[in-house]
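Subject: Structure handover

Hello,

Here is the structure I said I would pass on. Please look through it before you read my notes.

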Amino acid sequence: IMAATDLNTVRSTIEARLATELASSPAIPVVFNNMTFDSTAEDTFVQCITSFGAGEYLGTGINNVVGLVVINIFTEEGLGAGSNFTIGKRIRDLYNRIVVSDVFFDSPVGPEVLTSSPEGKFQTQIRITFEISEEL
């Protein structure tokens, strides 16, 4: 059975939502999969990784496709968690249990504090599962 959903369209929907939100008030650089980015040039930035998982055929001509958005938030080390968690709240609000262009987002997990990489950054991570129901 051939999947009908264009996964690049889904990815683009997810990424555009994040890029638009973080373009102002204040602007925060966003880096996506397979993009060149110099993390030493920015004190604060957000990384977004969108992945697709297994699909499930529901038997009624509908295929359920699931995925995961992993968003890493990096802020300057040594300044506390406040600014990082403020960015996290903005991102959680973008995806928290809503539907955007037929993509159903679950409740986000995080921001969860992680061991920083790259060095000199404080890092948290938000994970959001999503699903798309496609008619075959």
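The notes below go from the overall layout to single residues.

This is a predicted model, in which local features need pLDDT of at least 70 and side-chain atom pairs count only at pLDDT 80 or more, while totals for chains, interfaces and linings use all residues. Residues are numbered from 1 along each chain as its sequence is written, and side-chain values use heavy atoms, with hydrogens and water left out.

Overall layout

The protein has 2 helices and 7 strands. Helices (H or I, at least four residues) and strands (E, at least two) are DSSP runs, numbered from the N terminus. In order from that end, the elements read α-β-β-β-α-β-β-β-β. The C-alpha trace spans about 55 × 30 × 25 Å along its principal axes. Of the 136 residues, 35% count as buried. Buried means under 20% relative accessible area, exposed means over 50%, and partly exposed lies in between (1.4 Å probe, protein chains only).

Strand pairing

Two strands pair if DSSP finds at least two bridges between them. Strand E3 (residues 62-76) and strand E7 (residues 121-135) are antiparallel and pair over 15 bridges. Valine 69 stands opposite isoleucine 128 in E7. E7 also pairs with E6 in the antiparallel sense, over 4 bridges, and there leucine 114 has glutamine 123 of E7 as its bridge partner. Strand E5 (residues 103-105) runs antiparallel to E7 and is joined to it by 2 bridges; phenylalanine 104 is partnered by glutamate 131 in E7.

Salt bridges

Side chains of opposite charge can pair when their charged atoms come close. A salt bridge here is a side-chain nitrogen of Lys or Arg within 4 Å of a carboxyl oxygen of Asp or Glu.

- Arginine 11 and glutamate 15 form a salt bridge, with the closest N and O atoms 2.7 Å apart. The two are 4 residues apart in helix H1, so about one helical turn separates them. Arginine 11 is partly exposed at 29% relative accessibility, whereas glutamate 15 is buried at 10%.
- Glutamate 21 and arginine 90 meet in a salt bridge of 2.9 Å, N to O. Because glutamate 21 lies in helix H1 and arginine 90 in helix H2, the pair ties together parts that are 69 residues apart in sequence. Glutamate 21 is partly exposed at 28%, and arginine 90 counts as buried at 15%.
- Aspartate 93 and lysine 89 form a salt bridge with the closest N and O atoms 2.6 Å apart. Both lie in helix H2, 4 residues apart, which is about one turn of the helix.

Backbone exceptions

Most residues other than glycine have a negative phi, and most peptide bonds are trans. Which residue has a positive phi of about 60 degrees although it is not a glycine? That is asparagine 34, found in the loop between E1 and E2 and exposed at 85% relative accessibility. Arginine 97 has a positive phi of about 55 degrees. Its place is the loop between helix H2 (82-95) and strand E4 (99-100), and it is exposed at 63%.

There are also cis peptide bonds. One runs from serine 25 to proline 26, with omega near -15 degrees; proline 26 lies in the loop between helix H1 (7-21) and E1. Another runs from glycine 110 to proline 111, with omega near 15 degrees, and proline 111 lies in strand E6 (residues 109-114).

Regards
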